[in-house]
Amino acid sequence: MEPFEFLGFNLHAWITIVTVLSMFSILLLTKLRTDLVFLGAIAVLFVTGVLDAKEAFSGFSSTSVVVIGVLFIVVSGLTYTGVLQWIVKHLLGQPDSYSKAIVRLMLPVAALSSFLSNTTVVTLFVNIVKMWSKKLGIAPSKLLIPLSYASGMGGVCTLIGTPPNLIISGLYAEETGRQMNILATAIPGIFCLFVGVLSIIAMQRLLPTRKVPESAFESTSEYTVELRVPSDNPHIGQTLGEAGLYNVKGGSLLEIYHFDNIRTLPNEKEYILGGDHLVYAGQIDEIAELIKTHGFVIADHHVFSVHELDDEVIHLRTAYVTFGSPLIGTTISKSQFEKNNNMTLVAVARRGERISKPPREVVLKAGDTLLLNCPPHMSMDTERLASQLHFFDNAELPNIGSKTLLSSLVMLAMVVLSALGVMPLLQCAFIAAGAMLVLKCCTPEQAMKSINGEILMVFASSVVLGLAIQKTGIAERMAFGILDVCGSNPIVVMTAICLVGTFITEFISNTAAGAMFFPIMYHAAEQLGYEPYPFLIALMVSVSSSFATPIGSPTHMLVYGPGGYRFSDFIRIGLPMNFIILAANILIVNIVYPLTPLP
C-alpha cells in the first residue's frame, strides 16, 4: 500500500499543517489561554504519531527555554532593587522639543529592553510617561506608541532581550553545534533602533492626539457611577428632590432602578425605595461624597445597613481591560469577578466617552478603563489578574540603594562573560541568578514568583512545533516554494521570508513566528548554498518587528488603553514602520554579516 500523499505532503505533514493553522485560528478568534492552545497542539502531534515521546517533550529540556526560566530570576533581582526606577529618574529630564523627548524616551527604554522583559519595562514607564507628558505639554498618545516600539526594537539587540532570539539561536546551536554570541544581533538591532527613532520623529504627524482615559474622570459627563440605597436609609420615602439627589454637585442622575431591574427615568418627584440603584454621571470623587452624606453604598450586592460596611472607605484604583481578557464581551454583574477579587466596579469609560448604562451592566471591550473600589487593607495580587486587567496605579516602588548597584553589576558581569565566550550563556545565567539570591537582591519567594510558567510553556511548545515543521518536510517544501518564486538571489529570498515573518508576527506571538520560520529560513539558505547565520540574524529582527496592530505585541496591549488609542492608530504609523525597519534590517545584516557560501 502506497503512503498517502497530496500536493507533495504526506499524512503527517498535513496533520501538522492543519494543527498549526487551527492553533493560530484559535489564538486569534478565542480567549483560550495561549499555553493551553500550544500544549493542545503538541498533544495532537504526539497522539497522531507525528512526533514520538522524546520529540514531543524535547522543548522542555531545550537550553534556550531553561535560559529563559533562569533569566526570570535575574530580572526579578533588577526589578526589586529599583534599577528601572533609578534609570527613569535620571534619564528622562526636561527636553524642550518633541524630537528630543522621543530620543530621551526611546533610547533608555530600548537599552533596558535589551536585557529585561519588554513588558516589565513598559509597565513601569507607562505611568511615568503619562506624568512626564503633562510636564512637557505633549499628549500621552504621542509618546506611548513610541514607548512600545522602543521596547520591541531594544529587545532585538541581544540574544536575551527577546524570546525569539533565544529560540532561534538555540535551534541554530542544535543544528550546527555552534553557539551564537550574546551580542550577535547588537549592531543590526542598534542600527534598526536608530532608523526607528528617526522614522518616528519624521512621521510624528501620523501619531494621534487622543484624550487619555483618566482625563474623563475630571469631566462631569463621561463616567457613570452606580450607588445603592441601603434598606434602613433615612431618605427612604422621600422624593429625589426632597433628598437633594436629583441635582447633585459634580454630576447628574441618569437612571433609577427600583427592585433591582425596573428602570425609571428620574424626576424630582420620584420616591426613593430601599434597595434602589441610582446611576449618576459626573466627577467620580464628588459623586462618591453621597456615600458619606446620604449613607449610600457602591452597588454590588444588597446592603441592608450601611453599618455592614464597618470602616471600609473608598480606595479607587484604575485598570485597563487587556486584549484576550475573559472579561471582554461580559458584564461585571453576570460574572464572579467582584466576589472572587474582593473589589467593586465603580465606573467605566471607553476612550473618554460617557457610557450611559450602569457600570456593572456595560459589556466590556479591550482597552476599557475601569475604576475599581478596593479595600485599602486588601493585598491584591495584580499578577494573578494580569490575564484580565492591567493596573497602573499600584506599583510598589523599591528603595534605591547599594543593592541597586550590586544587581546591575551582576547583570553586567553575566553579559560580559557570555559575550567574551568565557562560559556559555546558560551557565552565566545560573551564576547570575544565584548571585541575586545570595546578595539578597530578591527573596526566594520573589524569585519563584517571577518565573512565568505560561510563558515557558509557550516557548517550549514553540520549539516542538518548529521540530514538527522540519521533521515532516514542510520547511523544506516551503523553502523550495520560496526559491521557485523568488529565484536564486539570496537577498531576495531573505527579504521575502522576513517580509512574511514581519506580517505573521502581527497576529501571533513572535516566539511562535520565530520557531515556525526558523526551519524555513535555515533550509532556504542551505538550498541556496549559503551559511544560514546571516539569514537567521535577519529573521530575529523581522519576527520582533510588529508595529501595525495592537495585538502584535504584549507591550502594544499595555499602552492601548492608557493612550486612548483606536486600532487604526497602530496601522497608520505601524505599516510604514514595518517596511522601513525591514529595509534597514536587510541592509545592515548584509553589511555586518556578508553572505558566505557553504564549504
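**Entry 1: rings**

I began with the aromatic rings, and ring pairs link Tyr172, Tyr533 and Tyr593 into a cluster. My rule for a pair: rings of Phe, Tyr and Trp (its six-membered ring) count if their centres lie within 6.5 Å; planes under 30 degrees apart are stacked, over 60 edge-to-face, and the rest tilted. By this rule I get 7 aromatic pairs.

I looked up Phe46 and Phe57. Their pair is edge-to-face, with 6.0 Å centre to centre and 65° between the planes. Where do the two sit? Phe46 is in helix H2 (residues 34–47). Phe57 is in the loop between helix H3 (53–56) and helix H4 (63–80). They are 11 residues apart, and the pair links distant parts of the chain.

Next I checked their cover. I call a residue buried under 20% relative accessible area, exposed over 50%, and partly exposed in between (1.4 Å probe, protein chains only). Phe46 counts as partly exposed because its relative accessibility is 36%. Phe57 also counts as partly exposed, because its value is 46%.

Then I took Tyr565 and Phe570. This aromatic pair is edge-to-face too, at 5.5 Å centre to centre and 70° between the planes. Buried or exposed? Both Tyr565 and Phe570 are buried.

Residues are numbered from 1 along each chain as its sequence is written, and side-chain values use heavy atoms, with hydrogens and water left out.

I noted that pLDDT is the predictor's confidence in each residue, from 0 to 100. The protein chain has a mean of 79, and 84% of its residues reach 70 or more. Confidence is lowest in helix H5 (residues 83–91), at a mean of 69. It is highest in helix H10 (residues 186–202), at 95.

A contact means heavy atoms within 4.5 Å. Residues 301–314 are also below 50, with 26 contacts beyond near neighbours in sequence. Where pLDDT is low, the predicted coordinates should not be read in detail.

**Entry 2: the whole chain**

I counted 22 helices and 12 strands. These are DSSP runs, numbered from the N terminus: helices are H or I of at least four residues, strands are E of at least two. Of the 599 residues, 55% are buried.

**Entry 3: helix H19**

I compared the length of helix H19 (residues 510–528) with expectation. The expected span is 1.5 Å times one less than the number of residues. Its 19 residues should therefore span 27 Å, and the end C-alpha atoms are 26 Å apart, which agrees.

Where does H19 bend? It bends by about 35° at Phe517, and Pro519 follows within four residues. The bend is the angle between axes fitted to the seven residues ending there and the seven starting there. H19 is mostly covered, with 16 of its 19 residues buried. Gly529 follows H19, and its phi is positive, near 85°.

**Entry 4: Val70**

I ended on Val70, which lies in helix H4. Val70 is buried because its relative accessible area is 7%. Which residues does Val70 touch? Leaving out residues up to four places away in sequence, I found Ala429, Phe430 and Ala433. I also looked up Gly434. It is 364 residues from Val70 along the chain, yet their C-alpha atoms are separated by 9.5 Å.

Terms used: Predicted model: local features only at pLDDT ≥ 70, side-chain atom pairs only at ≥ 80, totals over all residues.
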